[in-house]
Each structure stands twice: as structure tokens, then as C-alpha cells.
Amino acid sequence: MVHIYRKIAGLIPKPIKKPILQTLKYSSIDINHNSLIGFVMISSLLIAIIAGFFLSYFFDKPFWVFFTLFLFLTNIVIYLYLLLQIDAKARIINDSLPDALQLMSSSLNAGMTPDKALLLSARPEFGPLKTEIDIVGKEVTLGKNIGTALMEMTTRVKSKRLIRAIELINSGLDSGGSLSTLLQATSNDLREQLLVDKKIKANITMYTIFIFSAAAIIIP
């Protein structure tokens with residue numbers, strides 16, 4: 001069945017398939033992406049066909065109306081689910097990144113090499129960030145350059161802050177400067193950004209509550 005799913009996924013034109021594969025890569029779904037695309041295509045078609053037949057019978061409307069509607073809705077729901085997963089993964093990584101960079105900085109100050117310091121910064125409480133660091137660690141162990149392995153992490157996580165942090169790490173590695181100082185400064189900067197984001201969200205929430213409360217009082 002898996003081969004059938006992959007063959008069906010192969011029917012999608014590359015310009016359309018490429019952004020879909022990238023979206024799946026950003027998510028935490030650990031399934032072969034081509035198989036998943038094929039499965040979603042078959043499932044959405046079956047749901048649309050069944051819903052089309054039943055609803056067209058009960059509501060006396062053309063089959064293609066309900067078929068098109070449910071085909072569109074099914075794919076939209078799946079796409080929104082993926083976006084939520086991608087956003088949740090990026091948010092957890094952004095929250096964990098300052099602590100990971102600080103741990104790496106401390107390990108470098110203790111005399112460890114950058115690759116060992118990176119591996120020791122992977123803590124279970126960091127969730128998806130630990131998973132990504134473990135992947136980088138395995139790639140470095142197999143001989144891949146640490147800078148290249150880190151940049152490849154940014155293709156799996158949709159986070160501008162992570163990209164900026166990795167660019168700074170690679171810059172420090174290339175220049176031969178004090179990487180530990182750079183990591184500590186980046187960690188502090190990211191913490192300040194997170195605090196600003198939380199204050200903005202809190203203000204927006206309070207403002208929204210105020211608006212709805214005022215509307216409830218004014219409008220009987």
C-alpha cells in the first residue's frame with residue numbers, strides 16, 4: 001500500500017509538490033512524506049466522494065457541488081493542522097534556544113570543543129530542539145561539517161531566530177573569535193526578545209478583553 005501512496009504522490013507536478021514537501025519537513029511528522037501525500041490524496045478523495053453521494057441524495061443538489069466542497073475542506077483542515085504543528089514546534093524551539101545557547105557557552109568556557117558543547121546542550125526539557133541537536137550531532141559524528149549541519153537544521157524548523165542564532169555561531173566558528181562570548185550575548189538578546197513578545201501578547205490580550213467587555217456593556 002505504501003508503494004501505491006508514493007506512486008500517487010509522484011503524479012503531482014514538482015512546482016506544486018516542492019512547497020508541500022517543505023511544509024511537511026517543517027512539521028514534526030515522522031512519516032515518509034511522499035507516502036503521507038499519497039495517503040492524504042486518496043483519503044480526501046474518498047471522503048469527498050462519500051460525502052458527495054450522501055449529501056446530494058438528501059439535499060437534492062448536484063454531486064459535484066458537495067464533492068468539490070468536501071475535497072477543498074478536507075485539504076484545508078489538514079493544511080491548517082500542519083501550520084499549527086509547525087508553529088508549535090518553532091515556538092518551543094524559540095523558547096528553549098536561549099537556555100541551549102547559554103549551556104553551550106558554559107561548556108565552551110569549560111574547555112570543550114564546539115561539537116561536544118553542542119551535544120551537551122541537548123536537554124530532554126528542550127523537546128524538539130533536543131531532537132534537532134541530536135540530528136546535528138549524528139551528522140557531525142559521521143563527518144559532516146558542524147556549520148553545514150547547523151544550517152541544515154534551519155530547513156527543518158521555520159524560525160527566523162534560529163536562523164539568526166546559527167548564522168552567528170557559524171560566523172564565530174569561521175572567524176575564530178570568542179564563540180562562548182558570542183553565544184552568551186545571543187542568548188541574552190533572545191531572552192529580551194521573548195520578554196518583549198510576551199509583553200506585547202499580554203497587552204493585546206488585555207486590550208481585546210477590554211474591547212469585548214466595553215461592547216458587552218454598551219450593547220444590551
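**Close-up 1. Ser27 sits in the loop that runs between α2 (14-26) and α3 (33-59).** This is a predicted model. Ser27 comes out as buried, because its relative accessibility is 5% and the cut-off for buried is under 20%. Its side chain reaches back to the backbone oxygen of Leu24, at 2.6 Å. Leaving aside residues up to four places away in sequence, Ser27 touches Leu82, Gln85, Ile86 and Lys89.

**Close-up 2. Tyr57 and Phe58 pair up edge-to-face.** The model has four aromatic pairs, counting rings with centres within 6.5 Å. In the Tyr57 and Phe58 pair, the ring centres are 5.4 Å apart and the planes make an angle of 80°.

**Close-up 3. Phe59 and Phe66 make a tilted pair.** Here the centres lie 6.2 Å apart with the planes at 40°, so the pair falls into neither the stacked class (under 30 degrees) nor the edge-to-face one (over 60).

**Close-up 4. Phe53, Phe63 and Phe67 come together as an aromatic cluster.** What holds the three in one group on this view is ring pairs, which link Phe53, Phe63 and Phe67.

Methods: Residues are numbered from 1 along each chain as its sequence is written. This is a predicted model: local features need pLDDT of at least 70, side-chain atom pairs count only at pLDDT 80 or more; totals for chains, interfaces and linings use all residues. Side-chain values use heavy atoms; hydrogens and water are left out. Rings of Phe, Tyr and Trp (its six-membered ring) pair if their centres lie within 6.5 Å; planes under 30 degrees apart count as stacked, over 60 as edge-to-face and the rest as tilted. Helices (H or I, at least four residues) and strands (E, at least two) are DSSP runs, numbered from the N terminus. Buried means under 20% relative accessible area, exposed over 50%, partly exposed in between (1.4 Å probe, protein chains only). A polar contact is a pair of N or O atoms within 3.5 Å; within protein, one must be able to donate a hydrogen and the other to accept it, and residues adjacent in sequence count only if both atoms are side-chain atoms. Contact means heavy atoms within 4.5 Å.
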